[in-house]
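Reader: Please take me through the assignments made for this model, and set each value against its definition.

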Amino acid sequence: MIGILAVLLAWQLVAASGLVDKLFLPSPEGVWRAGSEQYARGILIKDLLASVGRVGAGFALSAAVSLPIGIAMGCSRVICQLLEPLMGLIRYMPAPAFIPLLIIYFGLGEEPKVLLIFIGTVFFNTLMIMDSVKFVPSELRETALTLGGQGFQIVTKVVAPFIAPQVIDTYRINMASAWNLVIVAELVAANEGLGKRISLAQRFLKTDEIFLGLIVIGLIGLAIDLSFRLLMRRACPWAN
Amino acid sequence: MHLSVSGVSKTFGSGSKAKHVLEDINLELDSGEFVALVGSSGSGKSTVMRLVAGLELPSSGTITVDGQPVKGPGSDRGMVFQKYSLYPWLSAAENVAFGMQLQGRPKREVNERTAYFLEVVGLSDAGRRLPRELSGGMQQRVAIARALAADPKVLLLDEPFGALDLQIRETMQEFLYQLWERTGLTALLITHDVEEALLLAQRVHIMAPRPGRIVRTVEGKLDRRDLSFLRLSAPFLELREELANYLRVLDSTMG
Ligand SMILES: Nc1ncnc2c1ncn2[C@@H]1O[C@H](COP(=O)(O)OP(=O)(O)OP(=O)(O)O)[C@@H](O)[C@H]1O
Ligand SMILES: [Mg+2]
């Protein structure tokens, strides 16, 4: 907190001193003014909802797909050997490189952006969830078996609750790349969104709006991170 | 109930990596008996228990419960491990209820039996606590209550007190003995502590390593009315000393 305030103060001082061209470094008030103006015109909220919506949709899809596949890979040697090499490979293909292909397939609408976020996070999510399954102590599974548990019950009653904290953490960590990807996608092609606004601002040399965009993106990222931490504390009090 | 292990051998792996772990294990267990398996580390005690539990299958020989061959794990053979014995996300009471819920017992029965078995292990007041809020000894008592609540024919205990401090271990030994007297459970206990085995079990099998096999069986006819007295009595100490020596010799000649 003190660190942030210090940076703000330094920013204000440097901007006020006139040492740096206003074009390169807008003042904090300037950014604030740009923000209130965008807010008043309704663009800020519209951009924000557009970006958050894309991240939400793409990441929700990714989370929903990676959970069962990750657990299946962690529980079954066969499934793991089948999927891991493929995923390990695709994981290293930078997701933004898929943008041209997605645009060719799906045009300029919402689908390519949502799918980009999906592609960019689903492999990491899956592999990290798979790894967490490998840390379930065998004693916990075997105890369930000697208590009369059957195959699938071990997954739902032992594996799933045990990995819940790691799953939440996986989502929290990979959410950051989802957020990166939506900005990248919007820089390339979009009608609205925080990334779009930044690229427009660049065209008109409005550095204050670029700064505004960056700050808003950072704040939302922080808010998402904090909500995942809160979720963790609420949902898995035993794991702290 | 009759548990019979006859002519059981176990080899892990195959070819050049094959590891012959157990050789011709024979043991019998009847309803209400308390039998112990003692041996040094690596003598194959846990493997015997895992075979009885059905978590591994024998390479040769047969294991039967009431004449039925063991084909896999089941709730007729409850097990308590030394480590990671409780589900950390469940309270003590939920842990006790866990097995009964897996079995699909009616909710009312689950609640009643949970309360009963928590009381049996003296933890009625701790039902709502999470495992990490319980001491090691309390955790093992919950694990025993959970195993018993699932209504097994035989309770398999793999060094259940191995991770506990000496003093707590003695308290837990007395607790387990009283539990046995009170509920008439049937138990197979694994330990590397000769004193623990002699104190609790009517029959003690001693195992030698590489490959694991039973080399001696002791029927301890001891007066168990007062365990803390028994611990210090001359015949007990003599027997304990003799067996401890026996194990030491086994280890040095085998190692
Ligand atoms: N799944 C397995 N694969 C290969 N070797 C195994 C396996 N399980 C056990 N062993 C080997 O079998 C031998 C006996 O192991 P086991 O755990 O039964 O001994 P133990 O008497 O219980 O020892 P401890 O007192 O240390 O628990 C050891 O040498 C061990 O390495
Ligand atoms: Mg062992």
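Reader: Why is Val20(A) called partly exposed?

Author: Val20(A) has a relative accessible area of 33%. Buried means under 20%, exposed over 50%, and partly exposed in between, with a 1.4 Å probe and protein chains only; Val20(A) is therefore partly exposed. The model is predicted: local features need pLDDT of at least 70 and side-chain atom pairs pLDDT 80 or more, while totals for chains, interfaces and linings use all residues. Residues are numbered from 1 along each chain as written, chains are lettered from A and ligands numbered from 1 in written order, and side-chain values use heavy atoms, without hydrogens and water.

Reader: What makes the polar contacts of ligand 1 with Lys19(B), Ser41(B) and Gly44(B)?

Author: A polar contact is a pair of N or O atoms within 3.5 Å. An oxygen atom of ligand 1 lies 3.1 Å from a polar side-chain atom of Lys19(B). For the side chain of Ser41(B), the distance from an N or O atom to a ligand oxygen is 2.6 Å, and for a polar backbone atom of Gly44(B) it is 3.0 Å. Each pair therefore meets the cut-off.

Reader: How do you know how much of ligand 1 the protein buries?

Author: Taken alone, ligand 1 exposes 630 Å², of which the protein buries 61%. Accessible areas come from the Shrake-Rupley method with a 1.4 Å probe.

Reader: What makes up the shell around ligand 1, by residue class?

Author: The shell divides into two nonpolar, seven polar and three charged residues. Asp, Glu, Lys and Arg count as charged, so Lys19(B), Lys45(B) and Glu159(B) in the shell are charged.

Technical notes. A residue is near a molecule or strand if one of its heavy atoms lies within 4 Å of it. A polar contact is a pair of N or O atoms within 3.5 Å; within protein, one must be able to donate a hydrogen and the other to accept it, and residues adjacent in sequence count only if both atoms are side-chain atoms.
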